[in-house]
Amino acid sequence: MAAEGGRARDYSGGVTFSVAVTGLMAASCGLIFGYDIGVSGGVTQMESFLERFFPEVLRGMRSARRDAYCKYDNELLTAFTSSMYIAGMVASLVASGVTRRVGRRAVMLVGGTMFLAGSVINAGAVNIAMLIVGRILLGFGVGFTAQAAPLYLAETSPTRWRGAFTTAYHFFLVAGTLAANVANYFTNRIPGWGWRVSLGLAAVPATVIVTGALFVSDTPSSLMLRGEPDRARASLQRIRGADADVEPELKDIARAVEEARRNEEGAFKRLRGEGYRHYLVMMVAIPAFFDLTGMVVISVFSPVLFRTVGFSSQKAILGAVIISLVSLSGVVLSTFVVDRCGRRFLFLAGGTTMLIFQVAVSWIMADHLGKHGAAAMPRSYAVGVVVLMCLYTFSFSLSWGPLKWVVPSEIYPVDIRSAGQAVTLSVALTLSFTQTQVFVSMLCAMKYAIFLFYSGWVLAMTVFIAALLPETKGVPLEAMRSVWAGHWFWRRFVALDAKQEVQLNRM
């Protein structure tokens, strides 16, 4: 597809068997990220795990004087969860340069292997140090795969279905979270070593990724960028179909890559230039707002939250399973509507409903948790919290959840695409590290107001999207600059890019 007279025309080719298979393989990288999110929250409230590594937390839980909001306030316990995210942040920055040199496929293969090693170490851990080392390896695996997989999906999918294909990454992420919560539900019944099974099962999605990465080719853009035009043509022909005319699309990719090569001073250096200011704002703002919705910590700590409001360990994990199922249904719906309704509509609709549900949760917890010395709230209100959490999760999974992967992977030009994705991912993982490290302490200190804190950020991000994010639905990657050049605010910064776009379309 190319831009002609401000309109986009379709390239030849549609959803072929090859592009479906390669897309599924790349999207399955979300499994390891999702499994890790789900398994850590469940394991950290298992009494067998706490008794082995964090007995002081277990003693605090059994104390009648313990504040209902402060049952799990322990820095080492939260470090077990958060260490993965800081390792992922470092890995995502390293992966940017590696991806440019060796391609998306190789990076996914390395990431899957690291995650596999981390899962084995965690399953056999005998002390906290082994747990942390295993978590760091898991973080390296997540950082590499999450940097490469969304770009792989965006670069190989047909333009008209790019949103649905890239959303598949988040679908697998949520599926991984669901699998982890189901695993926790059953292993929690195994006395003494059930947590080892939960942590060790992370090897299953890692094996799927490593095996799958061995049987797919790299993306045409990545091959062209590495100076392999013949392999790029063969790859594009394979994913578009044997009868498709790939020359127009291949020429557009070649032109975009040639432009990137004319700017060899480095992608990170170019990001500081005025012509890239809009990209820099989005690569920081979108992941920052994504994390500040509070959904990351809710996904990780949902069993802990449900224990806080008074559910037993087994019922708390069941609540997390229900939330994962609701999340999965939201992602499925998003897959069908993202390329029809557009990105902005989902962002704005999701942000509005998320705000309402978070305020409602805060109100219930303020009125009914920790009152009159009670360690838990009345059961009917606790169920109400679960219902509101499900509605909030559905809204998130329909909008910000998948779009956090879709929009950054499609808005960056090829010369900064890997660097942009690295910055986006590193910002997200840094904030995830910070939040997972301090969330339990914040819950203890702020109590119900923690949800008002997140609702304030949801309001801010909804206003930001309404004012500053243009619609990118159906716009080819190579013509994305024209969208920014037509925006009421960003056009003053991208005038030069717009001229370059006209020149490219006339070549």
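Which residues of α15 are buried? They are His278, Tyr279, Met282, Met283, Ala285, Ile286, Pro287, Ala288, Phe289, Phe290, Asp291 and Leu292. Here buried means under 20% relative accessible area, exposed means over 50%, and partly exposed is in between, with a 1.4 Å probe and protein chains only.

Before the tour, some ground rules. This is a predicted model, in which local features need pLDDT of at least 70 and side-chain atom pairs count only at pLDDT 80 or more, while totals for chains, interfaces and linings use all residues. Residues are numbered from 1 along each chain as its sequence is written, and side-chain values use heavy atoms, with hydrogens and water left out.

**Stop 1: helix α15**

Select residues 277-292, which make up α15. Helices are DSSP runs of H or I with at least four residues, strands are runs of E with at least two, and both are numbered from the N terminus. Of the 16 residues of α15, 12 are buried, so the helix is largely enclosed by the rest of the structure. From its first C-alpha to its last, α15 reaches 22 Å, close to the 22 Å expected at 1.5 Å a residue. The expected span is 1.5 Å times one less than the number of residues. Next, select glycine 294, which follows α15 and has a positive phi near 90°.

**Stop 2: an aromatic pair**

Show the side chains of phenylalanine 289 and tryptophan 457. Their ring centres are 6.5 Å apart and their planes are at 55°, so the pair is tilted. The rule takes rings of Phe, Tyr and Trp (its six-membered ring) and pairs them if their centres lie within 6.5 Å; planes under 30 degrees apart are stacked, over 60 edge-to-face, and the rest tilted. The count by this rule is 22 aromatic pairs.

Phenylalanine 289 sits in α15 and tryptophan 457 in α22 (residues 449-468), so the pair ties together parts that are 168 residues apart in sequence. Phenylalanine 289 is buried, at 12% relative accessibility. Tryptophan 457 is partly exposed, with a relative accessible area of 32%.

**Stop 3**

Move to tryptophan 490 and phenylalanine 493. This pair is also tilted, because the ring centres are 5.9 Å apart and the planes are at 50°. Tryptophan 490 is buried at 3% relative accessibility, and phenylalanine 493 is buried at 15%.

**Stop 4: the largest cavity**

Where is the centre of the largest cavity? Select Ile37, His170, Leu173, Met295 and Ser299, which lie nearest to it among the 27 lining residues. On a 1 Å grid over the protein atoms alone, a cavity is a set of points where a 1.4 Å probe fits but cannot get out; a pocket is an open set with protein on both sides within 12 Å along at least five of seven lines; lining residues have an atom within 4 Å of a point.

The largest cavity holds about 310 Å³ of space, and there are 8 cavities of 30 Å³ or more. Grid points are joined across faces, edges and corners, and a volume is the space filled by probe spheres set on the points. Helix α8 (162-187) supplies the largest share of this lining, 5 residues. Among the other helices that supply at least two lining residues are α2 (30-43) and α15. In α2, 14 of the 14 residues are buried, so this helix is largely enclosed by the rest of the structure.

**Stop 5: the largest pocket**

About 240 Å³ of space lies in the largest pocket. Select Leu24, Ala164, Phe165, Ala168 and Thr335, the closest to its centre of the 13 residues that line it. Helices α1 (17-27), α8 and α17 each give two or more residues to this lining, and α8 gives the most, with 5.

**Stop 6: helix α12**

Select residues 229-240, which form α12. Ala232, Ser235, Leu236, Ile239 and Arg240 are buried in this helix. Seen down the axis of α12, its buried residues fall within an arc of 120°, so they line one face of the helix. The arc is that of the directions from the helix axis to the C-beta atoms.

**Stop 7: lysine 447**

End at lysine 447, in the loop between α21 and α22. Lysine 447 has a positive phi of about 55° although it is not a glycine.
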